[in-house]
Amino acid sequence: MQDVVQWLKENGNLKIIDEPLDVELEIPHVAYVEVKMDDSRSILFTNPINKAKDISYDMPVLMNIFANKALTEKIFGKHPDLVAEGIEELLKLKPPKGIKAKLAMIPKLFSLKNVFPKRLKFKGECQEVIIPKAEVDLDKLPILKTWEEDGGPFITMGQVYTQSLDGQMQNLGMYRLQQYDKNRLGMHWQIHKDASHFFDQYQRAGKKMPVTVAIGGDPLYIWCGQAPMPHGMFEMLLYGFVRNKNAQLVKSITNDIYIPRDVDIVIEGFVDPELMEIEGPFGDHTGYYTLKEPFPVMEVETITMKKNPVFAATVVGKPPLEDKYMGWATERVFLPMLKPMAPDLIDYNMPENGVFHNLIMAKMKTLYKGHAMQFMHAFWGVGQMSFVKHALFVGEDAPELEESEALTTHILSRLSPERVFITKGIVDHLDHSSEEQFVGGKLGVDATGDEVEEGVEELLSDEVLYEKLHKLDRHIVALKQYFTHTKNPVCILQVEKTEPMSILMQKLEPFYKHIKVLIIIDKANNDIGDPYMLIWRVTNNIDASRDVLLKPFIMLDATNKGDLDGFQREWPGDTFCTKSVLDDLQEKGLIDIDTNFIKKFGLLAF
Ligand SMILES: Cc1cc2nc3c(=O)[nH]c(=O)nc-3n(C[C@H](O)[C@H](O)[C@H](O)COP(=O)(O)O)c2cc1C
């Protein structure tokens, strides 16, 4: 990664912070604030320390490697759309007819030889230093604690390499790893992920599972780790395809797992399938804490590294963060892979403020009634797409999916309760809104048809409508209507919740003449004037099978749930920065933010 640091200096306007900063909260807070800026940059922290443990680390921490779209594109070496084009070509490959077509195909086939990873017989640069088991001490690595309520320090950009019990399948997944002590890490592979499936095999066989975690090296390894490749396909194939260069792998020292030769740090070990340990809490990319839950544990056998390693890390929390840019590349690259199951799909967009899987907007060519529903069900049925909670589908006449104002206008002009449908399915391991973990509501909007005829019967101003509703229920404390120029203005109601919202919804039914779409949010920690964060909150908090009413108009309850609602699970809290840390960093001139910024991105509770 020293090469990567040099490359970022030359290509990425790398920011270097030499001031000694704590791996607990300080470094993560600086990176968190930076990546929310319009012109965000990667940051190298050259002097990480840990005040509580009295440690000065001898390696720097590199954060926000995927700091913006331009840098992400440079890391790929080309626009992700071009990678997608290459994949699409490959998927459409047909036997060539005639000598000319055959000759034209040769370079294409020739380049495919670079896709397959190469297993080298010698040691890699990542094995220049070998630390034997007796000397293993994870405290020597600058592992970050991002949030005050985190259960401990976590490796946040670990490439987790695993293989199936029979050794036939290999996998690279990016899963966070909690450091428990000097030689044990928690393996947060969620239940639907490939490493978890491998773990099941080892558990059934009663055998210890080898795991090797790599940190650093080519940033594309990191991106490949989070790419939702189909089960059984090694992510290093995708690496070879993008780079047009085989991944060069070397064998781990203490197990049979192969890892890229040029990563910075390698942690090898075994997971005993009999032992689970409580993992978390951890402030996650949903912007909420994920709660404590048992996960498998790896006991470290050895740590190897380059002579001058760099420790790569990321921070997750409320959007926008580095995963916005990684997610953007993923969305572009995977478009052609969705087309075999949804051939009339034109494009899709999973915005980071919908936490990716909470919201998909898709554009398609509709050929028959129910076509959009068919695609939604296809998505809800396959791979990681099945985690999607809310799907909005538009036809080919819709504006570009990134033109959010125009697109929302288009959708709202085509919305009616009859075009909304609700079903149930699998939800992301991290979803906190469903009544039971892993299974919850799905909401689909088929906006591929014509504009609806009927708009709101009598549109009232915010002031007049608020007055009426506040009179009805004094717990309604604010109201704002959006998109009043469309057939379906969206009315946001902010409440101080003292009863289940189903009761308020009932009371609101007589207002059908004035309201077409109503969304209820809590007063606390929501800014009614900030649509970016409202989308984040609403899509996170809703379970469509419980929180949506379609008659007499569309109503959504996006408030936090709890005892009041008979909600049985624990409802997690938001990720908030630590005020004293922000103040201190501001005083030192290491961040430069004002109260508007703090409120806009929900950095502190309000
Ligand atoms: C920064 C970041 C952190 C992530 N942390 C986890 C995690 O802790 N557990 C998990 O299962 N997935 C996590 N993911 C998502 C996985 O990396 C992603 O679903 C990947 O496709 C999993 O690979 P697999 O299908 O090979 O298991 C994370 C993604 C990113 C970008």
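## Ligand shell

By class, the shell around the ligand holds seven nonpolar, eight polar and four charged residues. Ala, Val, Leu, Ile, Met, Phe, Trp, Tyr, Cys and Pro count as nonpolar, Asp, Glu, Lys and Arg as charged, and the others, Gly among them, as polar. The model is predicted: local features need pLDDT of at least 70, side-chain atom pairs count only at pLDDT 80 or more, and totals for chains, interfaces and linings use all residues. Residues are numbered from 1 along each chain as its sequence is written, and side-chain values use heavy atoms, with hydrogens and water left out.

The ligand is surrounded by 19 residues. The closest are M174, Y175, R176, H188 and Q384. A residue is near a molecule if one of its heavy atoms lies within 4 Å of it. β11 (170-174) and α7 (219-226) each supply at least two shell residues. β11 gives the most, with four. Helices (H or I, at least four residues) and strands (E, at least two) are DSSP runs, numbered from the N terminus.

## Backbone contacts to the ligand

For M174 the distance is 2.7 Å. For D194 it is 2.9 Å. For A227 it is 3.2 Å. Taken alone, the ligand exposes 630 Å², and the protein buries 90% of that. Accessible areas come from the Shrake-Rupley method with a 1.4 Å probe.

Q190 sits in the loop between β13 (184-187) and α6 (194-205). Its relative accessibility is 9%, so Q190 counts as buried. Buried means under 20% relative accessible area, exposed over 50%, partly exposed in between (1.4 Å probe, protein chains only). Leaving out residues up to four places away in sequence, Q190 touches S196, F295, D428, H429 and L430. Contact means heavy atoms within 4.5 Å.

Helix α8 (residues 235-243) is mostly covered, with seven of its nine residues buried. These are E235, M236, L237, L238, Y239, G240 and V242. N244 follows α8 and has a positive phi, near 55°.

## Whole chain

The chain has 17 helices and 31 strands. Its C-alpha trace spans about 75 × 70 × 50 Å along the principal axes. Buried residues make up 57% of the 606 residues. Of the contacts between residues at least 6 apart in sequence, 73% join residues at least 24 apart. The accessible surface comes to about 25200 Å², and 52% of it belongs to carbon and sulfur atoms.

Definitions and conventions
Polar contact = N/O pair within 3.5 Å; in protein donor to acceptor, adjacent residues only side chain to side chain.
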